[in-house]
Amino acid sequence: MGKKLKATAKSSANIAFIKYWGKTDPVTRVPQNNSISMCLSDLYSICTVEFRSDLRKDKIDFLGEKEVKQREIERIVGVLDRVREKSGLSLRAKVVTKNNFPKATGIASSASGLSAVTLAAVAALGLRLSKTELSKLARLASGTASRSISDGFVEWKKGTSEGNSYAVQLFPPDYWKIADVVAIVTHKMKKVPSTEGHKLADTSPFQKERIKDMEVKIKVIKKAMKERNFTLFGEILEADCLNMHAICMTSVPPILYWEGVTMEIMRKVQEWREEGFESYFTIDAGPTVHVICQQKDIDLIKKKLSKIKGILRISVNYPSIGARVINKHLF
Ligand code: DP6
């Protein structure tokens, strides 16, 4: 019997400090602006892929998920097709994938899930790809997945076309002792998936303004990161979150991703700052709030968050590594 064409990858979700919202090309997922993120240590996906000659079609199993949408299956089959094309093989695959957090609630589940599938499929077929190639391949499945290939703090360079839009590392995980304390407030999937939201961005009268300011914003936040200037960094990331949500709220039709408890946490974070406990909020396309703080303040933030009603789970995240091949298979 020949060698098994099987591999497993683990990959982390990431939180964007400067958000990706709006694409220049929805098919290749080339974005309208650069974005900056950090890989998260406590929120991840694991995926095993095995290409087999006895399968007539791809078999995808989302372990432990009650609700699986057709588009999620199609996205994974899309990854398999692209990897098959690169390798010249046409074998079908069995895929088992799982997250350790609820998907589609404002934690980038497509980022961790689809970067894990991409790396597992590539490794299963023994392809040798650079991080740049992997990031581009992951981007085709989900924009944010391109940022989970590298470790630590990452910038996705929008590029000008499909061939030069990929993410690179800015700083390794141990560069800066900051954290993302995530307040998960729902297990329900959001009504408007991000892919649909991106399509609406240009219907907001403010999207052009957002994009116009991006280059300067990226420059300033990178400077803040380089100097480890937490205050400047926090002010920019919180402002960019509100800026992205302003686009969502003024799109046609409008998208409201927040719940009541989302707003309550946002207000509290601002109040804590006035009291001298420095942290900043950011929110992706969902109601989950990410509280960005310095690692010395984690316990305090956790304690303060635990007093707010409606938070289902608190997840403490350090800057982490991105996608890796691991030895323990899911089947
Ligand atoms: C709101 O990567 O989910 O999290 O490329 O269509 O899969 P697709 O979209 P997705 O975009 C979500 C973007 C965001 C902000 C960010 O993380 O930059």
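Leu 63 is partly exposed, with a relative accessible area of 37% (buried denotes under 20% relative accessible area, exposed over 50%, and partly exposed the range in between, for a 1.4 Å probe and protein chains only). The residue is located in the loop between strand E5 (59–62) and helix H1 (70–87), where helices (H or I, at least four residues) and strands (E, at least two) are DSSP runs numbered from the N terminus. When residues up to four places away in sequence are not counted, Leu 63 touches Val 96, Thr 97 and Lys 98, contact being defined as heavy atoms within 4.5 Å. Leu 63 and Thr 195 are separated by 132 residues in sequence and by 23 Å in space, C-alpha to C-alpha.

The model is predicted, with pLDDT of at least 70 required for local features and 80 or more for side-chain atom pairs, whereas totals for chains, interfaces and linings use all residues. Residues are numbered from 1 along each chain as its sequence is written, and side-chain values use heavy atoms, with hydrogens and water left out.

The secondary structure of the protein consists of 8 helices and 13 strands. The radius of gyration is 19 Å, close to the 20 Å that the globule rule gives for 331 residues, so the protein is as compact as a globular protein of that length; the radius is taken over C-alpha atoms, and the rule is 2.2 Å times the number of residues to the power 0.38. Along the principal axes, the C-alpha atoms fill a box of roughly 65 × 40 × 40 Å. Of the 331 residues, 53% are buried. Among contacts between residues at least 6 apart in sequence, 76% join residues at least 24 apart.

Two helix pairs were examined. Helix H2 (residues 109–124) packs against helix H3 (residues 131–141) at an angle of about 130 degrees, with the axes 9 Å apart; axes are lines fitted to C-alpha atoms, for helices over the stretch in contact, and angles run from 0 to 180 degrees between N-to-C directions. H2 and H3 are therefore oblique to each other (angles under 35 degrees count as roughly parallel, over 145 as roughly antiparallel, 65 to 115 as roughly perpendicular and the rest as oblique). The contact involves Leu 114, Ser 115, Thr 118, Leu 119 and Val 122 of H2, together with Leu 134, Leu 137, Ala 138 and Ala 141 of H3. By class, this contact of H2 with H3 comprises 7 nonpolar, 2 polar and no charged residues, with Ala, Val, Leu, Ile, Met, Phe, Trp, Tyr, Cys and Pro counted as nonpolar, Asp, Glu, Lys and Arg as charged, and the others, Gly among them, as polar.

Helix H5 (residues 207–226) and helix H6 (residues 230–249) pack at about 160 degrees, with their axes 10 Å apart. H5 and H6 are therefore roughly antiparallel to each other. Residues of the contact include Met 214, Val 220 and Ile 221 of H5 and Phe 233, Ile 236 and Leu 237 of H6. The contact of H5 with H6 divides into 11 nonpolar, 2 polar and 3 charged residues.

Backbone features were found in several loops. Arg 228, in the loop between H5 and H6, has a positive phi near 50 degrees although the residue is not glycine, and is partly exposed at 43% relative accessibility. Arg 29 likewise has a positive phi, of about 55 degrees, but is buried at 10% relative accessibility. A cis peptide bond joins Val 252 and Pro 253, with omega about -5 degrees; Pro 253 lies in the loop between H6 and helix H7 (260–274).
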